[in-house]
Amino acid sequence: MVPWEWPARLVRLLASLLPPCPVRAVLDLPCPSCGTTRAIILLLEGRCGDAFLMNPLVIGGGVLFLGYLIAGWAVYVRTGQFPEPRWTPGRLSILRWAIGVAVVVNWAWLYARGV
Amino acid sequence: MSSAWENGTEGYVGTVKRILTEPAGFFREIDTDAPIGRAVLFAVISFAIAGVGQAIWNAVGSSLQMLPMIAENDGQSGGALAVAGFGVVAQVVISLLMPVWGLMGAFIGGGITHLFLLLFGAGQKGYMTTVRANLYGSATGVIYLVPCCGALVASIWTLVITIVGLTEMHQSTTGRVLAAVFAPVVLCCVCIGLSVGIAFLLGGAAAFSQLPHMPWR
């Protein structure tokens, strides 16, 4: 086993110990974050495209957030201030709508893909 | 104004005592614009202590589970024992890397919590303030040294401290903070979240029932 296979195998092992998704078990429907664990395993195996298709919202959002963290730390090291957006009431309203739409679209994607 | 730990006038032990016994007073003193370095240092120490506690009790528990195997096989199935022994070592190593997992959890979990705080109109003081609450919530690290129930008690107490920290530092209401903390588990229903959610529900119920009686209210 090569060293970079360890994280994927560890996550697979941990995932095998978890209970099944209760939403899927009861309703036979995916929950909004179904596929996240499988997507993370695919990401650790280097299959980025498959990981994104497994759950676009979580993987895409996670990549964007990690990018923000890395860029933010670079700015923090240089200036001593971590950059944060100013959330006016208008921007918060747009954020709420954007997240709502993204969750619904992603959920429909998961259902259509049979994740 | 800054907390005594953040301006270096109070040691680690005194700060842990304060956070565990009067969290609201502690978080009220924090300057949310101050650099986060001291909070990260506090969390690294706390997670390291928690990791040592977990490593010890994981090793003891796993070793006790192996004793019947050794007794039954009388030293003959060396392969199975080697695998079991490797599992014990792996658990110990993972526990000792707790500062790494803990910091990752504080920043990544803080991002999810902060997103929901924004959605519920409670994240006024920014993402780093949310992370700071998570970092100081690790003060329960010493409780992991208690056998059997230490980890469970520490998890619930961490939840309470984090909720108090978020409420005080973001100057929001307990209701909005509770909604932001529990919403990801309720809405997303991730398999991992189910296990975490059970702990959160227990902690939330404990927090709610204790809030009227706590000294800061």
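Helices (H or I, at least four residues) and strands (E, at least two) are DSSP runs, numbered from the N terminus. This is a predicted model, where local features need pLDDT of at least 70, side-chain atom pairs count only at pLDDT 80 or more, and totals for chains, interfaces and linings use all residues. Residues are numbered from 1 along each chain as its sequence is written, chains are lettered from A in the order in which they are written, and side-chain values use heavy atoms, leaving out hydrogens and water.

**Exercise 1.** Work out the pattern that chain A follows along its sequence.

*Solution.* Start by counting: chain A has 6 helices and 0 strands. Now read along the sequence, and you get α-α-α-α-α-α.

**Exercise 2.** Find what share of chain A is buried.

*Solution.* First, the cut-offs: buried means under 20% relative accessible area, exposed over 50%, and partly exposed in between (1.4 Å probe, protein chains only). Then look at the 115 residues of chain A: 25% of them are buried.

**Exercise 3.** Find which helix B:I94 lies in, then decide whether to call B:I94 buried, partly exposed or exposed.

*Solution.* Step one: B:I94 sits in helix α4 of chain B. Step two: its relative accessibility is 36%, so B:I94 counts as partly exposed.

**Exercise 4.** Say how much of the contacts in chain A with a separation of 6 or more comes from residues 24 or more positions apart.

*Solution.* A contact means heavy atoms within 4.5 Å. Take the chain A contacts with a separation of 6 or more: residues 24 or more positions apart account for 49% of them.
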